[in-house]
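Notebook open, model loaded. I'll jot down what I look up as I go.

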There are 2 protein chains.
Amino acid sequence: MKKITLEKVREMDRIDPFRGKREEFLLPEGIIYLDGNSLGALPKAVRLRIRDVTENEWGQSLIAGWDKHGWVALPGKVGDKIARLIGAKQGEVVVTESTSINLFKAVTAALQVGPKRGTILTEKGNFPADLYVLDAIARESGGKVKIKRVRREDLIASLTDEIAILCLTHANYKTSVRHDMAALTRRAREAGAMTIWDLSHSAGALPVDLNGCGADFAIGCGYKFLNGGPGGSGYIFVAARHQNKILPALAGWMGHVRPFDFSSDYQPVSGIARQLTGTPFVIGAAALDAALEVFDGVDMEAVGEKAGKLGDLFIGLVEAECPEMKLACPREATGRTSQVTFTYPEAQKIMAEVVKRGVVADFRPPDVMRFGLAPLYNSYEDVYRAVLTLKEIFKQ
Amino acid sequence: MKKITLEKVREMDRIDPFRGKREEFLLPEGIIYLDGNSLGALPKAVRLRIRDVTENEWGQSLIAGWDKHGWVALPGKVGDKIARLIGAKQGEVVVTESTSINLFKAVTAALQVGPKRGTILTEKGNFPADLYVLDAIARESGGKVKIKRVRREDLIASLTDEIAILCLTHANYKTSVRHDMAALTRRAREAGAMTIWDLSHSAGALPVDLNGCGADFAIGCGYKFLNGGPGGSGYIFVAARHQNKILPALAGWMGHVRPFDFSSDYQPVSGIARQLTGTPFVIGAAALDAALEVFDGVDMEAVGEKAGKLGDLFIGLVEAECPEMKLACPREATGRTSQVTFTYPEAQKIMAEVVKRGVVADFRPPDVMRFGLAPLYNSYEDVYRAVLTLKEIFKQ
């Protein structure tokens, strides 16, 4: 690899189509933040919106806020903003609950509308929290539902006519490996199985095309590359063709056709709002709504392209400057999400030192170093300086 | 009833032990707010805390906030604050998810630790959303779980040896009728059934003594008398004796014994944290944490006493000044929650006019007028002026 200089990376930043986006975030001074894959940075618009929704909408309008400020419609409105980022149609996404709760909703719904089979296929290295949700569903089913965990390379071959649902995380939180959503969804459809995709580690960083792939369900969190704030609302996508066939296992008044009639009998509303359960958390949904403004007019293909280039630069620099670190994510940009991963026996110690020097990235047991690259606020210079810091630490 | 004058109610306010509490809330000018049973007012401490958690904790600490600002411990910390208000011990309450999701958790847990029976007993007039959750559980169970809805007066007689769970809302959202929690819980225990109490319409307004009554589970919302903000986090109480026997149906990484090990296998933590599922919504939990500061040092018996007096005054004034309105809640203060309810054929029209004149209260179909009385920020003068407004409207 040709020697990469500071001048060279600054030139890359100068021609970056997202160079102005960084200004839309409030990043702390003196920090290079490479952990947006874990918790996204604070968009300036969110700061203002949270003040407004708290102090004016709640504080001043009080109960009238539900009508006056459109709180009831907020989960659908914010869902529609996410829809564009993940290849969904308007009316196919709603913001609600946490990712795990939404996964439970998706699985129980897919078991209803899918084939009368009992096995859910997933990957051994799937996001642990998703595995916990699946295992609990199997246990509660009393033997009717079984979970089959296989190695990534055995997924296709495992899509037999026993499989009710293929449930995967689009991009792996540790290895950054990105599944071929199109191929796996096609194969699942051929096998008559439903698909559920967890987009937590890809939405907002990569182009995602749920409908283009024919996906049935998807879920994701709002606080990583979507920058909705710590915890915060997750979302659920249900392909339009399934929406009105589902009787939610987590039925709630916000999914009722006429919630304000307070009828004693549940009559589900049509459409994606059927997936709503309790009262929406207005402040959280408003934060995510404002956070998504930074995506206004943004081409997700271009976001994905920059994600690839940031990662390529990171890998190239590490291999030139820090040979101690072992690449643990795909070398090909199209095989990764917007995160690069390396291993090193003393990763925990190194990462603690990296953070001390103002480069925020994280460690995952036992020896994994993760660097999240947020295309909307990370620059090529961030990458350059981060690797320089690593090099200094290794030299000592 | 002796004529009640403005001077008289001002005297009542002068000697009110909570007269200083109103200053801890940001109430809009020129409004008498009698809807805290639906959405509590904004405590000043919440405004500051939300700014801080957003702009400093998230914006500046970013991912380090989880450790530095105790975000992971927040659901338990806030739960402990609620515990004192509802007669629970430290470590028996955790703040998480919405009320409906928590009800699902409580029911599925109670079915595990309770007797091997399939019927859940509830009341016909129970809060509709709670009925939706129960019905969905029954439907998903494929016949194993049945819901028995009976009239309030038939509850005790229906507590037979078929009943697995008695699931009730402590105070009725429409009629304000308060169940005798001690008697019903005792009777349920005698019948070998578990109890689940929804405290949404009583916690923060009345003394509640879950452990004194021997209750097994309870749930509630944070945005009514607890003033945690629109939507916002709910909470769940699990009596210590049951906590470690439950394998959560909604298993999540925050209920794992070592969440940050990212183990592929779920191993539940001991204690109430086992009820946690996804990543806690930090901003919502922080808002509720700050909102609960107004209860610091507050004697809930005294809160309940004031609730009773506010209601007595309201009823007395209405009966003297607005004979058109028919009392639709118990006359005895100990039979009500902190809300008075009346019916009138054209209730919807009247309530719209009341709101137009700056008295915020609400209408519930078909003919119900609800007036919420928040002992910490409503004054006796509020009640006096509200009824005066009603009187003027009826005169026209």
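I began with helix 5 of chain A, which has 15 residues and reaches 21 Å from its first C-alpha to its last, close to the 21 Å expected at 1.5 Å a residue. The expected span is 1.5 Å times one less than the number of residues. Helices here are DSSP runs of H or I with at least four residues, strands are runs of E with at least two, and both are numbered from the N terminus.

**Ground rules.** This is a predicted model, where local features need pLDDT of at least 70, side-chain atom pairs count only at pLDDT 80 or more, and totals for chains, interfaces and linings use all residues. Residues are numbered from 1 along each chain as its sequence is written, while chains are lettered from A and ligands numbered from 1 in the order in which they are written.

**Confidence.** I checked pLDDT, the predictor's confidence in each residue from 0 to 100. Chain A averages 97, and 99% of the residues score at least 70. For the complex, the predictor gives an ipTM of 0.97 and a pTM of 0.97.

**Back to helix 5: how many of its residues are buried?** I get 12 of the 15 in chain A, so I noted the helix as mostly covered, taking buried as 20 or more other C-beta atoms within 10 Å of a residue's own, exposed as 12 or fewer and partly exposed as in between, with C-beta atoms placed from the backbone. The buried ones include A:Phe104, A:Lys105 and A:Val107.

**The core.** The largest nonpolar core has 282 residues, and A:Val107 and B:Val107 have the most contacts inside it. A core here is a set of buried Ala, Val, Leu, Ile, Met, Phe, Trp, Tyr and Cys residues joined through C-beta atoms within 7 Å. Leaving out residues up to four places away in sequence, I found A:Val107 touching A:Ile120, A:Leu134, A:Ile137, A:Ile165, A:Cys167 and A:Ile196. Contact is defined by C-beta atoms, placed from the backbone, that lie within 7 Å.

**Where the chains meet.** The contact takes 66 residues from chain A and 67 residues from chain B. On the chain A side, the elements that give two or more residues are helix 2 (44-58), helix 5 (99-113), helix 6 (128-140), helix 11 (282-291) and strand 14 (362-364). Helix 6 of chain A gives the largest share of that side, nine residues.

**Symmetry.** A rotation of 180 degrees with 0.0 Å of shift along its axis puts chain A on chain B at an RMSD of 0.0 Å. The two copies are therefore related as by a two-fold rotation axis. The same surface serves both copies, as 100% of the contact residues of chain A recur in chain B. Superposition is by least squares on C-alpha atoms of residues with pLDDT of at least 70 in both.

Most residues other than glycine have a negative phi, and most peptide bonds are trans. The bond from A:Pro365 to A:Pro366 is cis, with omega near 0 degrees, and A:Pro366 lies in the loop between strand 14 and strand 15 (368-372) of chain A. A cis bond also joins B:Pro365 and B:Pro366. A:Leu62 has phi near 50 degrees and A:Asn227 near 65 degrees.

Terms used:
Contact = placed C-beta atoms within 7 Å.
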